Amino acid sequence: VGLPYVKSKFDDAFGTPTRNAGLDELGAVDFDNEEPQVERREEVSIRGWDEPSTADSALVDSSVRSVAHKLLVLLLRAYRITWALGKKALRQLYPYLHAIYEGTNFGYSVVYLLMDGEYFSWPLHILGQRISRASPDDLANADQRLAEGRQDLLEWAARGPSAHVQGARAMAQRVASAVHVTALRGAFLLSDNIQSGLIASVLAFKLLEWWYTSAEERLVPATTLPVPPPPPIPAPAAEGISILEDKTLCPLCNKKRSNPALASVSGYVFCYPCIYRHVNQSGSCPVTLEPMLKEDIWKLYTSG
């Protein structure tokens, strides 16, 4: 179970792009770009063997903090560089590891299918688990073993009270045994018919759903909603080209449209070569000057 999970994680890591180049791209910290910490040194007058002043104590504390900060940054840099180098090495080695993994599984599958091998894959070989084809005799033997096991369990549950148990206690044990046997028989019956029961329940549910849906459609009259009006036509820009009165002409070449194409950002129709050339050069609709890409050109097909 864990091996496919680990492999999926490796697949995700291999598919994630990593940055590789100097220390900055590896996530390291550059000391040269750090803001220098200015330590304010105050003049201290030393008088013989006097105790250190408050300024000296503050200077020592600042130096200790600076050393601790640099040590922490160095450790963080080493961790980030190691992690980035490890991911880079994984990206370089993983294709070969993946090829070995898949090739070994393919070899095991070929041997299993064509040469009557014992194991379907090498993980199953390591676990020592064999997958075999079940013949009709195997299925019959399995059913027989299941029936024998159930019979033994029912005989164990139906055992009566001991000979030395008398009175109310014996009656309670008989009732408990009867309840136990009944529960076991119900469980066996449920396990034997659960698949058929599930299919029948799904069919019954769909039948009821169809029945009530049809009844609602008969009771509620069908209502047809009005068709919404089309959006307003965008107004041409003052710097754009003018619209011709003849709608069959292309506004760009002033000729009859051939191979018509729609500018989806505005709704105006042009010749496909004309609008493609214009969008490629200016990146906008020639009429409204709205920003437009090549993907916004939609071919129009007429039904002759």
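Select R150, which is placed in helix α4 (residues 136-157); helices (H or I, at least four residues) and strands (E, at least two) are DSSP runs, numbered from the N terminus. R150 counts as buried, at 18% relative accessibility. Here buried means under 20% relative accessible area, exposed means over 50%, and partly exposed lies in between (1.4 Å probe, protein chains only). Leaving out residues up to four places away in sequence, R150 touches F188, S191 and D192, where contact means heavy atoms within 4.5 Å.

The model is a predicted one, in which local features need pLDDT of at least 70 and side-chain atom pairs count only at pLDDT 80 or more, while totals for chains, interfaces and linings use all residues. Residues are numbered from 1 along each chain as its sequence is written, and side-chain values use heavy atoms, with hydrogens and water left out.

**The whole chain**

Now display the entire chain and colour it by pLDDT, the predictor's confidence in each residue, from 0 to 100. The mean pLDDT of the chain is 78, and 77% of its residues reach 70 or more. Which helix has the lowest confidence, and which strand the highest? Confidence is lowest in helix α1 (residues 2-15), with a mean of 70, and highest in strand β2 (residues 269-271), at 93. Next select residues 16-52, where pLDDT stays under 50 and the model has 40 contacts beyond four places in sequence. Where pLDDT is low, the predicted coordinates should not be read in detail.

A cartoon view shows six helices and three strands, in the pattern α-α-α-α-α-β-β-α-β along the sequence. Of the 304 residues in the chain, 16% are buried. Among contacts between residues at least 6 apart in sequence, 46% join residues at least 24 apart.

**Around S121**

Select G107, in helix α2 (residues 54-114). G107 is partly exposed, at 29% relative accessibility. Its C-alpha atom is separated by 8.3 Å from that of S121, 14 residues apart along the chain.

Then select I131, in the loop between α3 (122-127) and α4. I131 and S121 are 10 residues apart in sequence, and their C-alpha atoms are 9.7 Å apart in space. I131 is partly exposed, with a relative accessible area of 43%. Leaving aside neighbours within four places in sequence, I131 is in contact with Y112, E118, F120 and L124.

**The nonpolar cores**

A nonpolar core is a set of buried Ala, Val, Leu, Ile, Met, Phe, Trp, Tyr and Cys residues joined through side-chain atoms within 4.5 Å. Select C250, F270, I275, V279, V287, M292 and I297, which touch the most other members among the 13 residues of the largest nonpolar core. At least two residues of this core come from each of β1 (260-263), β2 and α6. The largest contribution is that of α6, with three residues. Centre the view on V279, which is in contact with S284, M292, L293, K294 and I297, apart from neighbours within four places in sequence. A second, separate core has five residues, including L154, A157, L184 and F188.

**Two residues with positive phi**

Most residues other than glycine have a negative phi. Select N259, in the loop between α5 (168-219) and β1; although N259 is not a glycine, its phi is positive, at about 55°. N259 is partly exposed, with a relative accessible area of 40%. Next select L289, in the loop between α6 and β3. The phi of L289 is also positive, near 60°, in a residue other than glycine, and L289 is partly exposed at 37% relative accessibility.

**A buried loop residue**

Select T288, in the loop between α6 (272-282) and β3 (297-299). Is T288 buried or exposed? T288 is buried, with a relative accessible area of 9%. Not counting residues up to four places away in sequence, T288 touches P234, A235, A237, S266 and Y268.
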